[in-house]
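Please keep the sequence and the model at hand while reading the points below.

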Amino acid sequence: MYNSKIIGLGYYVPENVVTNDDLSKMMDTNDEWIQERTGIKERRHVIKGDGDTTTTMGVKAAKIAIERAGIDKDDIDFIVFATLSPDYYFPGPGVLVQRDLGIKTVGALDVRNQCSGFIYGISVADQYIKSGMYNNILVIGSELHSQGLDMTTRGRGVSVIFGDGAGAAVLTREEDTHKGILSTHLHSEGQHAEELSLIAPGMGKRWVTDIIEENNPNDESYFPYMNGQFVFKNAVVRFSEVIMEGLAKNKLQPSDIDLLVPHQANLRISQFIQKKFGLEDNQVFNNIMKYGNTTAASIPIALTEAWESGKVNSGDLVVLAAFGSGFTWGSAIIRW
């Protein structure tokens, strides 16, 4: 049995910065309202036609992660791609990354677990490496939200939150089972699936033919919906539970955490968790202020920035945790 460890990290965000004041020109909102509720000051949006897609952003992040890992792209044995915003309905972006990176014909798996997608992807990669099936796995989280949002007053409750970007990690085999990814923990509660969802187009209720036939300008089923208060209340509970589950599994305490990197859903959630676990500001990494919620990309972007700024060092206990649509949530306990 082996452990897996992260040996390369990278991220990419579009150059186009969209501030809260910029959004106030498109919808009835303002900087104070957004910051008070979410902590977000700005986010990145792709410029339509500039070539950035969910796949291409993922490829850019992956190239950095592979270079930093010190391996060749053909050393990659498997690809896991987490996203809710694929370039195409099918095929998924995993195979497009394999093509665009020019990697040999390895397997490519797409993960559709939204905000917890990167944690799920890390867990899948970890199990493959622990079993001895693969040596080097590329895990990507990438999202292009901006072109699917309702950028009017009607959609402001959701649209002010999300941004575009991608992050990537390369995992490899670790012989020392006291290092690397110590454990991952995954959960779901589908009874609340519709509380944070995008219903159409989908085969279950409204497919493309239905939308075209009705041609209803007031149809909101193809815009994201979120019951914000309900999601918040569940998130703070599940975040705490899944972090404690991971710590207990490894006979650790909150005081053992060197760095917590939570999914960047809402700064108020991160602050709540920080206070509950008695962590100092330097023990929690947040960057939602700059990028908004980038869903599956948020943890790898934040983890990469934390590593680049010297906040992740050898021997550190790093905890990753996420909660999102589904409802799905998870954590990863890592000894760096």
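**Overall picture**

Of the 336 residues in the protein chain, 56% are buried. The model is a predicted one. The protein chain contains 11 helices and 13 strands. Its C-alpha trace spans about 60 × 45 × 35 Å along the principal axes. A compact globule with 336 residues would have a radius of gyration near 20 Å, and the value of 19 Å for the protein chain agrees with this.

**Covered parts of the chain**

- Helix H11, which runs over residues 298-308, is mostly covered, with 9 of its 11 residues buried.
- The buried residues of H11 are Ser298, Ile299, Pro300, Ile301, Ala302, Leu303, Thr304, Glu305 and Ala306.
- Gly310 follows H11 and has a positive phi, near 80°.
- Ile40 is located in the loop between helix H2 (31-38) and strand S3 (42-44).
- Ile40 has a relative accessible area of 0% and is therefore buried.
- Ile40 and Asn287 are 247 residues apart along the chain, while their C-alpha atoms are separated by 8.9 Å.

**Salt bridges**

- The whole structure holds 14 salt bridges according to a search.
- One of them joins Arg99 and Asp100, whose closest N and O atoms are 2.8 Å apart.
- Arg99 is exposed, at a relative accessible area of 51%, whereas Asp100 is partly exposed, at 34%.
- A salt bridge also forms between the side chains of Lys130 and Asp126, with an N to O distance of 3.1 Å.
- Lys130 and Asp126 both belong to helix H5 (residues 117-131), and because they are 4 residues apart there, about one helical turn separates them.
- Lys130 counts as buried at 15% relative accessibility, and Asp126 counts as buried at 0%.
- In another salt bridge, the side chains of Arg238 and Glu189 meet at 2.9 Å, N to O.
- Arg238 lies in helix H8 (residues 228-249), whereas Glu189 lies in the loop between strand S8 (180-188) and strand S9 (196-197), so this pair ties together parts that are 49 residues apart in sequence.
- Arg238 is buried, with a relative accessible area of 17%, and Glu189 also counts as buried, at 17% relative accessibility.
- A network of salt bridges links Glu189, Arg238 and Glu241.

**Aromatic rings**

- A search of the whole structure gives 10 aromatic pairs.
- In the pair of Tyr128 and Tyr134, the ring centres are 5.2 Å apart and the planes stand at 65°, so the arrangement is edge-to-face.
- Tyr128 is partly exposed, with a relative accessible area of 26%, whereas Tyr134 counts as buried at 16% relative accessibility.
- One aromatic cluster is formed by Phe230, Phe323, Phe327 and Trp329.

**Charged groups over rings**

- Arg156 is placed over the face of Trp33, at 6.0 Å from the ring centre.
- Arg173 is placed over the face of Tyr2, at 3.9 Å from the ring centre.

- Tyr89, Phe90 and Met203 make a nonpolar surface patch of about 440 Å².
- Phe90 is found in the loop between strand S4 (78-82) and helix H4 (93-101).
- Phe90 is exposed because its relative accessible area is 68%, and the cut-off for this class is over 50%.

Notes: Residues are numbered from 1 along each chain as its sequence is written. This is a predicted model: local features need pLDDT of at least 70, side-chain atom pairs count only at pLDDT 80 or more; totals for chains, interfaces and linings use all residues. Side-chain values use heavy atoms; hydrogens and water are left out. Patches are made of residues with over 30% relative accessible area and no salt bridge: like charges are joined within 9 Å, nonpolar side chains (Val, Leu, Ile, Met, Phe, Trp, Tyr) within 5 Å. Accessible areas come from the Shrake-Rupley method with a 1.4 Å probe; for residues, only the protein chains shown count as cover. A salt bridge is a side-chain nitrogen of Lys or Arg within 4 Å of a carboxyl oxygen of Asp or Glu. Helices (H or I, at least four residues) and strands (E, at least two) are DSSP runs, numbered from the N terminus. Buried means under 20% relative accessible area, exposed over 50%, partly exposed in between (1.4 Å probe, protein chains only). Rings of Phe, Tyr and Trp (its six-membered ring) pair if their centres lie within 6.5 Å; planes under 30 degrees apart count as stacked, over 60 as edge-to-face and the rest as tilted. A charge sits over a ring if NZ of Lys or CZ of Arg is within 6 Å of the ring centre and within 35 degrees of the ring normal. The radius of gyration is taken over C-alpha atoms; the globule rule is 2.2 Å times the number of residues to the power 0.38.
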